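User: I am new to protein models. Please show me how to read one.

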Amino acid sequence: MCICLVELLIMTYVFCYHFQLDDPLIQIEDDFKWINIFDFHWRLGIDGLSIGPILLTGFITTLATLAAWPVTRDSRLFHFLMLAMYSGQIGLFSSRDLLLFFMMWELELIPVYLLLCLWGGKKRLYSATKFILYTAGGSIFLLIGVLGMGLYGSNEPTLNFETLANQSYPLALEILLYFGFFIAFAVKLPIIPLHTWLPDTHGEAHYSTCMLLAGILLKMGAYGLIRINMEFLSHAHSLFSPWLVIVGTIQIIYAALTSFGQRNLKKRIAYSSVSHMGFIIIGIGSLTNTGLNGAILQLLSHGFIGAALFFLAGTSCDRIRLVYLDEMGGISMPMPKIFTMFSSFSMASLALPGMSGFVAESIVFLGIISSQKYLLMTKILITFVMAIGIILTPIYLLSMLRQMFYGYKLFNLSNSVLVDSGPRELFVSICVFLPVIAIGLYPDLVISLSVDKVQEILSKYYYR
């Protein structure tokens with residue numbers, strides 16, 4: 001935890017004193033030649049698109065290590081794997097070389113697999129195997145896309161992001177590259193129907209691992225979709241953006257309905273995450289400044305809210321020794337602090353005004369409504385279906401709260417069994433809740449980080 005805290009303080013210092021918000025170009029660069037025969041560089045840098053996920057990664061990982069305090073079996077290995085996962089995520093968000101991006105993408109797979117296998121639930125081996133098969137299968141398409149993009153049009157590989165951003169491709173090749181990258185990112189985001197690994201993984205992982213999965217891992221897919229598909233393959237993205245909007249809309253409804261039918265508490269929250277990722281997909285497909293800024297804001301907002309919900313779900317299940325909602329009930333009186341925190345983050349997830357979820361989803365709404373790419377009736381239909389999804393969200397979240405905290409099933413258990421939240425849980429929850437409120441009241445705190453970079457990306461598109 002001390003290592004994560006020191007790195008977080010260093011990142012905050014660098015951001016405050018060296019990062020210029022009004023400069024969309026790469027800053028704080030690091031470039032070393034690594035492999036001469038391939039002209040492969042260790043090339044890192046930060047811009048307006050990557051600074052938000054990097055700060056989110058440092059913040060959530062620091063709190064996840066504190067959340068993992070009760071882990072006593074092989075605790076050193078557990079924290080080493082968390083730090084290895086953290087290294088891969090920071091490396092991916094700051095990569096400026098396509099092959100380095102792929103290497104960092106792969107680096108976090110093994111730590112997650114081991115965290116699932118060694119500290120998971122009863123079906124941990126099944127969940128870990130399913131996770132590695134899905135993500136490794138997606139990585140094959142990512143590698144094909146990296147090689148195709150890097151080797152096209154020159155005798156030597158071209159892997160530098162700055163060069164690739166200005167590279168043009170034949171339309172047929174660009175569409176093939178787009179599909180290759182899209183499948184890889186769709187597995188990680190996830191996008192239906194490639195989402196089925198997520199509920200099983202969240203259902204069996206330790207809650208500190210779930211914090212990293214929900215808070216950061218899913219955001220890698222959204223980041224890749226913006227960084228590579230949208231920035232490097234603009235013609236193909238313009239062609240397929242309507243399909244992204246359709247898929248995102250379906251995903252909001254489908255995952256919300258599926259979440260309502262889940263008995264397992266952590267799986268219900270996992271499907272909630274899938275539903276909220278639909279807003280990011282719609283924002284990316286809107287091709288507007290407002291929509292893309294809303295998608296980035298939703299990316300960060302859900303990173304905080306999702307991590308907090310899984311943390312509180314894990315601590316609650318550890319106390320009552322139950323995971324199925326129909327076996328719970330009546331714990332609001334003996335556990336009032338957990339009830340208050342769980343209710344607060346559930347309100348944030350269902351987009352209560354004044355919290356980050358409301359601002360992010362509202363901006364995505366405005367982005368799709370203001371898009372010049374879509375007809376009026378199409379925008380009305382999409383907005384109507386999105387509104388249905390927003391109505392479904394409080395249904396399954398409030399139902400979850402009712403099943404957990406109200407009723408009498410566990411009400412008569414002794415106070416020694418139902419122990420309320422301690423200082424550690426309160427500290428973690430409050431630390432996450434503060435940025436949720438801050439972003440909800442002053443969203444420009446986050447939007448100002450990415451607005452110039454978003455403008456630069458969308459300058460390639462006719463519809464803005």
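The dialogue below goes from the whole chain to single residues.

User: What should I know before starting?

Analyst: This is a predicted model, where local features need pLDDT of at least 70, side-chain atom pairs count only at pLDDT 80 or more, and totals for chains, interfaces and linings use all residues. Residues are numbered from 1 along each chain as its sequence is written, and side-chain values use heavy atoms, with hydrogens and water left out.

User: How many helices and strands does the protein chain have?

Analyst: Helices (H or I, at least four residues) and strands (E, at least two) are DSSP runs, numbered from the N terminus. The protein chain has 18 helices and two strands.

User: How many of its residues are buried?

Analyst: Buried means under 20% relative accessible area, exposed means over 50%, and partly exposed is in between (1.4 Å probe, protein chains only). Here 59% of the 464 residues are buried.

User: How do I read a helix pair, such as α13 and α18?

Analyst: Helix α13 (residues 289–320) packs against helix α18 (residues 444–458) at about 135°, with axes 9 Å apart. That makes α13 oblique to α18. Angles under 35 degrees are roughly parallel, over 145 roughly antiparallel, 65 to 115 roughly perpendicular, and the rest oblique.

User: Which residues make the contact?

Analyst: Contact means heavy atoms within 4.5 Å. From α13 come residues including L292, I296 and L300; from α18, V451 and V454 are among them.

User: Where does F78 lie, and what is it in contact with?

Analyst: F78 lies in helix α3 (residues 75–94). F78 is buried, with a relative accessible area of 0%. Leaving aside neighbours within four places in sequence, F78 is in contact with A68, V71, L115, W119, H206, S208 and T209. F78 and T209 are 131 residues apart in sequence, but 9.7 Å apart in space, C-alpha to C-alpha.

User: Which backbone angles deserve a look?

Analyst: Most residues other than glycine have a negative phi, and most peptide bonds are trans. Look for exceptions. D74 has a positive phi, near 50°. D74 sits in the loop between α2 (51–67) and α3, and is partly exposed at 47% relative accessible area. L287 has a positive phi of about 60°. L287 is in the loop between α12 (265–286) and α13, but is buried at 1%.

User: Which peptide bonds are cis?

Analyst: The bond from L189 to P190 is cis, with omega near -10°. The bond from I192 to P193 is cis too, with omega near 5°. P190 is in the loop between α8 (171–188) and α9 (197–204), and P193 is also in the loop between α8 and α9.

Technical notes: Axes fitted to C-alpha atoms, helices over the stretch in contact; angles between N-to-C directions.
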